[in-house]
Amino acid sequence: MAKVNENYLKLPGSYLFSTIGKKVSAYSAEHPDKKIIRLGIGDVTQPLAPAITEALHNAVDEMGKAESFRGYAPDLGYEFLRSAIAENDYRVRGCDISADEIFVSDGAKCDCSNIQEIFSLDNKIAVCDPVYPVYVDSNVMAGRTGVYDPGAGTWSNVIYMPCTADNSFVPELPRETPDLIYLCFPNNPTGATVTKPQLQQWVDYANKTGAVILYDAAYEAYISEEDVPHSIYECEGAKTCAIEMRSFSKNAGFTGVRLGFTVVPKELKCGGVALHSLWARRHGTKYNGAPYIVQRAGEAVYSEAGRAQLREQVAYYMNNARYIYDGLKEAGFTVSGGVNAPYIWLKTPGKMSSWEFFDYLLEKGNVVGTPGSGFGPSGEGYFRLTAFGSYENTVEAVGRIKTIQV
Ligand SMILES: Cc1ncc(COP(=O)(O)O)c(C=O)c1O
């Protein structure tokens with residue numbers, strides 16, 4: 001008789017954004033006349049840049065002709081894209097990453113959740129708290145996280161690294177030594193970043209302890225400050241301890257197009273085994289590649305026109321971020337993030353819990369954000385707003401938040 005993977009049954013409640021979706025649908029059904037502004041989920045709203053749509057059209061035309069039709073993509077992704085990534089994301093920043101250390105995929109979410117598969121089940125993971133929920137949930141599904149404590153909202157076999165106002169939302173080195181360390185900078189949900197010396201500390205720590213850092217740089221394009229590293233490989237020694245994951249979702253608006261990549265340096269070994277070979281084996285066995293059309297669109301991200309257009313797109317969202325940050329600060333909220341990331345992290349007013357503030361804001365302002373507690377216990381009392389809306393909606397939402405009485 002077939003049996004289910006019981007680890008799935010351990011997952012508490014429904015996924016954060018489905019809960020939000022249900023609450024918003026229920027409110028809309030009761031109040032069909034209200035215009036709800038959604039600054040909750042981190043999804044982009046601007047259309048694809050012209051350089052991207054042109055590349056997509058051209059690639060579609062190629063696929064329609066016998067002489068340029070392509071079938072399955074090479075296992076690691078097309079050379080033209082991997083070379084563009086190696087050159088533009090790494091070599092120009094002084095990082096010695098070669099095209100054959102890059103694995104093209106259909107996005108960072110899959111890679112972040114699948115990467116744990118190449119590690120033993122008895123590895124102990126460390127995560128920031130609050131955290132992008134995918135890192136923890138994928139480890140729950142694998143059976144690596146122990147027992148859930150519903151009161152505390154924590155797993156017995158996970159090391160939580162609190163990121164609070166006291167440490168400027170940057171985790172401290174854990175007291176207990178983990179095997180796998182998930183880091184994400186610029187951070188979702190807090191919008192915090194690390195400086196290069198701060199990240200170097202993590203690299204040194206991982207090299208010393210034999211831990212592997214799983215570094216999620218999905219928001220790299222939003223970095224505006226000089227001393228913030230764009231890649232973990234800017235740190236000395238990172239190639240022997242870190243895997244980096246990137247996405248085209250937020251820098252190029254590919255949330256619905258789907259493209260990402262993971263870098264596994266060839267020097268990175270675990271008990272003498274090269275992780276590059278394991279990930280290559282996994283990729284080859286379980287994945288058949290991102291579409292040719294989409295990989296051509298990804299290549300256009302690095303063209304001169306693509307770069308210029310996407311700089312503008314990122315600037316558009318960051319202008320929203322500044323507007324939210326300044327507006328809420330003016331209104332007396334305690335805010336952070338929004339400088340190197342499209343997320344504003346605000347303290348809920350008074351003694352309101354994250355979900356109380358969610359309900360309050362939905363009802364009084366018809367604005368949807370994300371309760372901080374949905375990202376982990378240290379997110380309680382916080383709330384995330386995204387800069388991914390239109391400018392007009394952002395202005396209206398901030399105006400509404402300013403006028404509601406808390
Ligand atoms: C930290 C982080 N990593 C990864 C992703 C997912 O990226 P992708 O759209 O490439 O799957 C997100 C999306 O919101 C994210 O916030």
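Student: Which residues in α10 are buried?
Tutor: Keep in mind that this is a predicted model. In α10 the buried ones are Y292, V294, Q295, R296, A297, G298, E299, A300 and V301.
Student: And what does that say about the helix, which spans residues 292-301?
Tutor: Nine of the ten residues of α10 are buried, so the helix is largely enclosed by the rest of the structure.
Student: What covers the buried residues of α10?
Tutor: The cover includes α3 (50-63), α4 (79-90), β2 (102-105), α8 and α11.
Student: OK, zooming out. How many helices and strands are there in the protein?
Tutor: The protein has 13 helices and 17 strands. Its radius of gyration is 21 Å, close to the 22 Å that the globule rule gives for 406 residues, so the protein is as compact as a globular protein of that length.
Student: What does the C-alpha trace span along its principal axes?
Tutor: About 60 × 55 × 50 Å.
Student: What percentage of the 406 residues is buried?
Tutor: Buried residues make up 46% of them. As for contacts with a separation of 6 or more, 73% are between residues 24 or more positions apart.
Student: Domains next. What does the domain assignment give?
Tutor: The assignment gives domain 1 as 13-42 + 306-403, and domain 2 as 52-302. Taken over C-alpha atoms, the centres of domain 1 and domain 2 are separated by 26 Å.
Student: How many residues of each domain are in contact with the other?
Tutor: On the domain 1 side 26 residues are in contact with 35 residues of domain 2. At least two residues of the domain 1 side come from each of α11 (304-330), β13 (335-337) and β14 (343-347). The largest share is from α11, with six residues.
Student: How does that side of domain 1 divide into nonpolar, polar and charged?
Tutor: Twelve residues are nonpolar, twelve are polar and two are charged.
Student: What about the largest nonpolar core, which residues touch the most other members?
Tutor: Those are V127, Y182, I213 and I344, in a core of 113 residues. Helix α11 turns up again, giving this core its largest share, seven residues. Domain 1 and domain 2 each put at least three residues into this core.
Student: Let's follow I344. What does I344 touch, leaving out residues up to four places away in sequence?
Tutor: With those left out, I344 touches G191, A321, I324, Y325, L328, V335, G337, G338 and L385.
Student: Switching to the ligand. Which residues come nearest?
Tutor: There are 14 residues around the ligand, and G107, A108, K109, S247 and S249 come nearest.
Student: Which helix gives the most to that shell?
Tutor: Helix α5, residues 108-114, with three residues. By type, the shell around the ligand has five nonpolar residues, seven polar and two charged.
Student: What is phi like at S168?
Tutor: S168 has a positive phi of about 55°, although S168 is not a glycine. You'll find S168 in the loop between β6 (158-162) and β7.
Student: How many C-beta neighbours does S168 have inside 10 Å?
Tutor: S168 has 13, so S168 counts as partly exposed.
Student: And R258, where does R258 lie?
Tutor: R258 is in the loop between α8 (249-252) and β10 (260-263). Phi of R258 is near 80°, again a positive value in a residue other than glycine. R258 counts as partly exposed because there are 17 C-beta neighbours inside 10 Å.
Student: Last one: where does D137 lie?
Tutor: D137 is in helix α6, residues 133-142. With 18 C-beta neighbours inside 10 Å, D137 counts as partly exposed. The cut-off for buried is 20 or more. From C-alpha to C-alpha, D137 and A29 are 31 Å apart in space, and 108 residues apart in sequence.

Definitions and conventions. Residues are numbered from 1 along each chain as its sequence is written. This is a predicted model: local features need pLDDT of at least 70, side-chain atom pairs count only at pLDDT 80 or more; totals for chains, interfaces and linings use all residues. A residue is near a molecule or strand if its C-beta atom, placed from the backbone, lies within 6 Å of it. Helices (H or I, at least four residues) and strands (E, at least two) are DSSP runs, numbered from the N terminus. Ala, Val, Leu, Ile, Met, Phe, Trp, Tyr, Cys and Pro count as nonpolar, Asp, Glu, Lys and Arg as charged, and the others, Gly among them, as polar. Domain bounds come from an automatic or database domain assignment. Two residues are in contact if their C-beta atoms, placed from the backbone, lie within 7 Å. A nonpolar core is a set of buried Ala, Val, Leu, Ile, Met, Phe, Trp, Tyr and Cys residues joined through C-beta atoms within 7 Å. A residue is buried if 20 or more other C-beta atoms lie within 10 Å of its own, exposed if 12 or fewer, and partly exposed in between; C-beta atoms are placed from the backbone. The radius of gyration is taken over C-alpha atoms; the globule rule is 2.2 Å times the number of residues to the power 0.38.
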